[in-house]
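Please read them with the structure open.

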Amino acid sequence: MTLAIARRRLCALARHPRALVAVARDGASRASTVGTIGRDWPIEREFATKSVGSGAFPSLKRARATVERSLAVQTAHAREKATMSSTAAPKPTPVREMRDEFLNATSAAYLEAMEDDFRRDPKSVPESWAMLLRQMDSGVTGAEISDMHNAALTGTAPHAVGRPLDAQTIQESMRLMLLIRAYQTSGHAAARLDPLGLDKREGIIYLEPALYGFSEDDMDREFFIGTWKMQGFLSEDRPVQSLRQILTRLQDTYCGTIGYEYMHIQDRDQCNWLRSKIETERKKQYSTERKRIILDRLSWSELFENFLSNKYSAAKRFGLEGCESLVPGFKEAIDKAAEMGVENITIGMPHRGRLNVLANVVRKPLQTIFNEFKGGPKLVEELGNAGSSYTGSGDVKYHLGTSFDRPTLRGGQIHLSVVANPSHLEAVNTVVTGKTRAKQFYTKDPKGERSMAVLLHGDGAFSGQGIVYETLDMSKLPEYQVGGTLHIVVNNQVAFTTDPKYSRSSPYCTDVAKGMEVPIFHVNGDDVEAVAWVMELATEWRMKWKTDAVVDIVCYRKYGHNEIDEPMFTQPLMYKVIQKHPSALTQYSNKLIDDGTVTPEEVMEMRNRINSKMEEEFNSSKDYVPKQRDWLSSHWQGFKSPDQLSRIRDTGLPPEHLKNLGNLITTIPAGFTPHRVVKRVYEARRAMIDNGEGLDWAMGEALAFASLLDDGNHVRLSGQDVERGTFSHRHALLHDQITGERFIPLRNVYSGNMGRGRDFFTVCNSSLSEYGVLGFELGYSLEHPNALILWEAQFGDFANTAQVIIDQFISSGEAKWLRQSGLVMLLPHGYDGQGPEHSSARLERFLQMTDEDPTRIPEMSMEKRTQLQECNWQICNVTTPANYFHMLRRQVHREFRKPLVVMSPKNLLRHPKAVSKLNEFDNSDENDSLQGIRFKRLIMDKTSTSRSLDPPPQPEVDRVIFCSGKVYYDLDDARDKASKLDKVKICRIEQLAPFPWDLVQRELKRYPNAEVVWCQEEPMNMGAWTHVQARMSTLFDHLERPGRTRYAGRKPAASPATGYAAVHAQEQAQLVSEAID
């Protein structure tokens, strides 16, 4: 090979660097491939299989020296030949070969500079040069390149034969991969997360190179790690790197002020997506403009707390001091969500930081917040309904909710609503997700692209409250998922007064989320840009994968649990550090001043501007008159407040319409194979419609649902085993016994109306949860009034595990927060000998929480009756399918909403007497002995005919028994056997609260000489006895009737029911006998 040819070919190498082919991409590959340099220069790529880790990495300088020696030898040989051959005339050099020496000083300097740049940063040189230098590092010399080219020209290039990897190389590569994975899995354990520096963690052994056989001597050695079919660090085309380079990248990524936990996620694509976001060589850098915005938001957050502290030094406000970076971070998340198409965000949060979020994130007017510190009742002008003076009992300012439309940073608009909630930590979680799910249903947003839930948590509550797990567990269930929830933990590193090591067993408060394969991002609360970045990342995750994400902002609490609490009692060491610790605003301001983003004067001007604005708002609040605001969303406009009269509507339907609905909901499509028992059930239901007789409980319910659907109302029934029914009575969802296909007959009602969507009627089995699922359905019911939302307990006894939702939201939500709900709770109740936990729905507890005055008889005339509206809820124990039908329809067909608690039956589901005729469902009131056209709060004795409030008296009657629920049928059987139909009358109180004063009074007038008995199955200290007795006494006094009400029932007991079947039967017979005899 001549010197000229060598020069030309090496010049081609310099002229065409982009023509270089890449080295082998897979570290496991032993094959070589052929590429080209210049137009036609084949190169055998055996470099990937060369031994690495041995220290033999010739540099470009040494390669050049090799080529120089080779060229020098060839030049000498050429001159010698020319001298010895005197007869051969020298040939002229072609013009195309008359070029500068490739290896002259200029070219050499250029190549050396290229190599130096590559050593400092491989990304700084063109990729083709980087490939060549990696090849040369792996042992390829310039001479070998020349030989390969020569062989390619002559056609003698051998097939690629890889050099065998030695055992040491393989072992080192594997150990290096284990080290990389350790950082991905456990790097968060070494991250700098605690802003106070108190979390002194011991060395993380899994991250020590020595554990994998590497020493300090290996730090600058280069190792082959290959490239992999994944995103992030291992996807880069840099198969050979030094150990120091690798460790630096890993530590910068996983051990900075952000700790990532995601390797517990099983989905490879999700992990790759995260790696592509976080394993980047160049970390996210905010522009100068964005940094100024973040500084402004952080300033508002801190200065707002300082302002409240100065103005209301003795008031509890549960400030955000120590986690002020939450506000700019939260706003970044909202901006990102709006940018990605979100239009509504529903927020649930505890009291800590609530006022700050309301003011600086949701943008509730500062005047309103300052006005609330006065502590007075809500002014009439602020009420939701014009003409109403109902203010409710109110709540403290850090429990209140609100909703506002606010512009976003990128020019959009987004609706933010904060759900009101009690102090019971985390109780609001599923209320928020339920409300979000309802928004998605009504806006036809099944994937959650436009409506999103955000939940804020405290560290102690996130790990300590079981409702957190219930919320996470529901997050992927088909009828409960909301397209992912963003969870933000304000991690104060102390729960009230309890240190983490005494309040949880896990390293992190967020570990409970790992069970749901949720990514967790821990971040140092003092690094405001890291907080902002992580919040954006979590939002992007939610929008991309439609699953939950958790952001754990590790911060501190500047004061005690509240501002007048003394934290030094319990955390003296922590608070000594906190007293000296600069705030996030101070640190960030100094950082931006140091890097020239802002000047000290600009920082001061920003603070003065914010303080002046707050002072202005504060002064205005002294004379502030709240404007009428939308306490209820637009869907609720026109609904009545408790002090406004609402007309009573009929709930019956024309007979032909009932028959048509009955036929639709008993039709099973051809080709569908139901279970033979279910088939008989549907055939029997069709016969009920055809004959107009014997409609049972399930058919009454199905007709109620069908009629409401036909009226255009959404119906949703949720709970444990509700599709079939706990007692195998409902069968609302059928399963094909051959194909497993599912079919819901009630959807036949609107199958021709495509606009209503498949889920216009929803019946869904829930997880084995009461607390979480009841909260979810409550939240769902808050969104829109034109819907029947029902939750059914498996047994009524189990409702007590959801007592927080019942006590703090359902029974008192309207009084505290002016929020109406029409939620229906179906609680199976009745004494059938099934023991203490399957008998009682604890009726007495619901009655005790009823806010009705037992000593005052309210106005009951049809023209002035507001009794039901004034009461906080309704409690019913109905006894006929027809009355159940009317009760459910009444729940929707009126001008206000109230929660409804139903002691639903078990025994009566198939009781031969607990049936109704079809004409008891209709809209004709021709026969007074029938059910009639609306719900009956009290059903008079079966022998009575007059419904007049002043009926003809029956002085001959000896006894009138008042009861409620299934015991009526036991009493009626006993009366028939005793032949006392003329002497003993039985009246059923179907609605216990609010009490049917007018109808009970009517029956007392009807039987002026009768002994009055209250009969119940429950023990005397349970059930409705105490509730009824007080009201009966008031009526006796009002009517000047002598005597008192006699009790017939079980004796007082600690347990609701006996566990012995024989004892149960004896007790039941005795209480019936006491009432009748």
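1. Glu261 is buried, because its relative accessibility is 3% and the cut-off for buried is under 20%. Its side chain meets that of Lys514 in a salt bridge, 2.6 Å from N to O. Glu261 lies in strand E5 (residues 258–261) and Lys514 in the loop between helix H16 (500–503) and strand E11 (520–524), so the pair ties together parts 253 residues apart in sequence. Lys514 counts as partly exposed, at 30% relative accessibility. Bear in mind that this is a predicted model.

2. Which side chain meets Asp296 in a salt bridge? It is that of Arg609, at 2.9 Å from N to O. This pair also links distant parts of the chain: Arg609 is in helix H20 (residues 600–621), Asp296 is in helix H9 (residues 288–311), and they are 313 residues apart. Arg609 is partly exposed, with a relative accessible area of 37%.

3. Now a local pair. Glu339 and Lys336 both belong to helix H10 (residues 326–339). They sit 3 residues apart, about one turn of the helix. An α-helix has 3.6 residues a turn, so residues three or four places apart point the same way. The side chains of Glu339 and Lys336 form a salt bridge of 3.7 Å, N to O. Lys336 is buried, with a relative accessible area of 11%. Glu339 counts as partly exposed at 45%.

4. Salt bridges also occur as a network. Lys913, Asp941, Lys942, Asp972, Asp973, Arg975 and Asp976 are linked in this way. A search of the whole structure finds 55 salt bridges.

5. Look next at strand E8 (residues 413–418). Strand E6 (residues 344–348) runs parallel to E8, joined by 4 bridges. Strand E7 (residues 402–407) pairs with E8 in the antiparallel sense over 6 bridges. Ser417 of E8 is the bridge partner of Thr346, and Ser403 also stands opposite Ser417. E7 and E8 form a hairpin with 5 residues between them. In the turn, Gly411 has a positive phi of about 95°.

6. Strand E22 (959–963) is mostly covered, with 5 of its 5 residues buried. Arg959, Ile961 and Cys963 point one way, while Val960 and Phe962 point the other. E22 pairs with E23 in the parallel sense over 5 bridges, and Cys963 has Arg988 in E23 as its bridge partner. From E22 the chain crosses through helix H30 (residues 967–978) to E23, in a right-handed β-α-β crossover. E22 also runs parallel to E25, joined by 4 bridges. There, Ile961 stands opposite Val1013.

7. How many residues of helix H31 (residues 997–1006) are buried? The count is 9 of 10. Among them are Trp997, Asp998, Arg1002, Glu1003 and Arg1006. The cover over the buried residues includes strands E22, E23 (984–989) and E25 (1011–1019), along with helix H32 (1025–1039).

8. A surface point: Ile205, Tyr206 and Leu211 make a nonpolar patch of about 320 Å². Ile205 lies in the loop between helix H6 (167–186) and strand E3 (222–224). Its relative accessible area is 48%, partly exposed.

9. Overall figures. The protein chain has 33 helices and 26 strands. Of its 1077 residues, 58% count as buried. The chain exposes about 44600 Å², with carbon and sulfur atoms supplying 52% of it.

Note on methods: Residues numbered from 1 in each chain as written. Predicted model: local features only at pLDDT ≥ 70, side-chain atom pairs only at ≥ 80, totals over all residues. Heavy atoms only, no water. Buried < 20%, exposed > 50% of the residue type's maximum accessible area, 1.4 Å probe, protein only. Helix = DSSP H or I, 4+ residues; strand = E, 2+ residues; numbered from the N terminus. Contact = heavy atoms within 4.5 Å. Areas by Shrake-Rupley, 256 points an atom, 1.4 Å probe, with all protein chains shown as cover. Pairing = 2+ DSSP bridges. Right-handed = clockwise from strand over helix to strand, strands pointing away. Patch = residues over 30% accessible without salt bridge, like charges linked within 9 Å, V, L, I, M, F, W, Y side chains within 5 Å. Salt bridge = Lys/Arg side-chain N within 4 Å of Asp/Glu carboxyl O.
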